[in-house]
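Please look at the sequence and the structure shown below. The paragraphs that follow lead through them step by step.

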Amino acid sequence: MVSVILTSLLALAGLASARDVPSNVQALYESVTSSNCKNKLASGFYNWSYCGDHLEAGFIYIQGNNKGQLADMDIDCDGAQGGANKDDRCEGSTDTQSQTSFKDTVQSYGVGITDLDAFYHPYVVFGNEGTKSGWATFDPEEYGIEPLSVMAVVCGGKM
């Protein structure tokens with residue numbers, strides 16, 4: 001499972017490569033994975049909660065009910081599809097949507113991009129919305145996390 005530490009919100013604007021985890025991020029990771037969340041901002045996402053134990057640092061993460069258990073990452077292929085370099089990684093997805101929630105924001109930058117494209121723009125979906133009865137929701141903006149912010153993903157000793 002891929003462990004996720006989330007420092008901000010939603011997207012990485014370009015391709016990123018893994019690097020060694022800085023010592024301050026590693027210390028925070030070790031602190032988070034050695035304890036249970038004490039300040040659950042929102043729960044009800046199966047066995048997961050958005051945790052605000054480090055809100056003073058602008059840091060929210062997703063933690064399970066078991067001590068130190070962090071959320072894994074799933075591949076999300078929403079957004080622009082079918083570019084010139086398209087591959088088949090998203091072909092088997094049964095829940096792909098043709099646009100992201102930030103399509104209008106991306107277009108407003110005026111650089112000729114119609115929406116995020118998972119092939120070119122690695123991004124992380126952070127937050128939950130929906131209108132179905134009983135559907136758990138979480139809006140990171142209520143805690144100062146801005147849309148299309150940078151996130152840190154820690155996996156296998158790399159960031």
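In this predicted model, the torsion about the S-S bond of Cys37 and Cys51 is about 100°, so the disulfide between them is right-handed. Cys37 belongs to the loop between α1 (23-33) and β1 (40-45), while Cys51 belongs to strand β2 (residues 48-54), so the pair ties together parts that are 14 residues apart in sequence. Another cysteine, Cys155, counts as partly exposed because its relative accessibility is 35%, a value in the range between 20% and 50%.

The strand that holds Cys51 also holds Ser49, which lies in β2. Is Ser49 buried or exposed? Its relative accessibility is 3%, so Ser49 counts as buried; the limit for a buried residue is under 20%. The side chain of Ser49 is joined to the side chain of Ser43 by a polar contact of 2.8 Å. When neighbours within four places in sequence are left aside, Ser49 is in contact with Lys40, Ala42 and Ser43, and also with Tyr61, Ile62 and Gln63.

These details can now be placed in the whole chain. The protein chain has two helices and three strands, and from the N terminus on its elements follow the order α-β-β-β-α. The chain comprises 159 residues, of which 33% count as buried. Of the contacts between residues at least 6 apart in sequence, 64% join residues that are at least 24 apart. The protein chain exposes about 9700 Å², and carbon and sulfur atoms supply 49% of that area.

Side chains of opposite charge can pair when their charged atoms come close. Which residues meet in this way in a salt bridge? The side chains of Lys158 and Asp20 do, with a distance of 2.6 Å from N to O. Lys158 lies in the segment after α2 and Asp20 in the segment before α1, so this pair ties together parts that are 138 residues apart in sequence. A search of the whole structure finds one salt bridge. Lys158 is partly exposed because its relative accessible area is 36%, whereas Asp20, at 52% relative accessibility, counts as exposed.

The segment after α2 (103-108) also contains Ile113. Together with Tyr109 and Val111, Ile113 forms a nonpolar patch on the surface, and the three residues have about 300 Å² of accessible area together. The relative accessible area of Ile113 is 33%, so this residue is partly exposed; a patch requires residues with over 30%.

Pro147 is likewise found in the segment after α2. At 28% relative accessibility, Pro147 counts as partly exposed. Pro147 and Val125 are 22 residues apart along the chain, and their C-alpha atoms are separated by 9.9 Å.

Definitions and conventions. Residues are numbered from 1 along each chain as its sequence is written. This is a predicted model: local features need pLDDT of at least 70, side-chain atom pairs count only at pLDDT 80 or more; totals for chains, interfaces and linings use all residues. Side-chain values use heavy atoms; hydrogens and water are left out. Helices (H or I, at least four residues) and strands (E, at least two) are DSSP runs, numbered from the N terminus. Buried means under 20% relative accessible area, exposed over 50%, partly exposed in between (1.4 Å probe, protein chains only). Contact means heavy atoms within 4.5 Å. Accessible areas come from the Shrake-Rupley method with a 1.4 Å probe; for residues, only the protein chains shown count as cover. Patches are made of residues with over 30% relative accessible area and no salt bridge: like charges are joined within 9 Å, nonpolar side chains (Val, Leu, Ile, Met, Phe, Trp, Tyr) within 5 Å. A salt bridge is a side-chain nitrogen of Lys or Arg within 4 Å of a carboxyl oxygen of Asp or Glu. A disulfide is a pair of cysteine sulfur atoms within 2.5 Å. A polar contact is a pair of N or O atoms within 3.5 Å; within protein, one must be able to donate a hydrogen and the other to accept it, and residues adjacent in sequence count only if both atoms are side-chain atoms.
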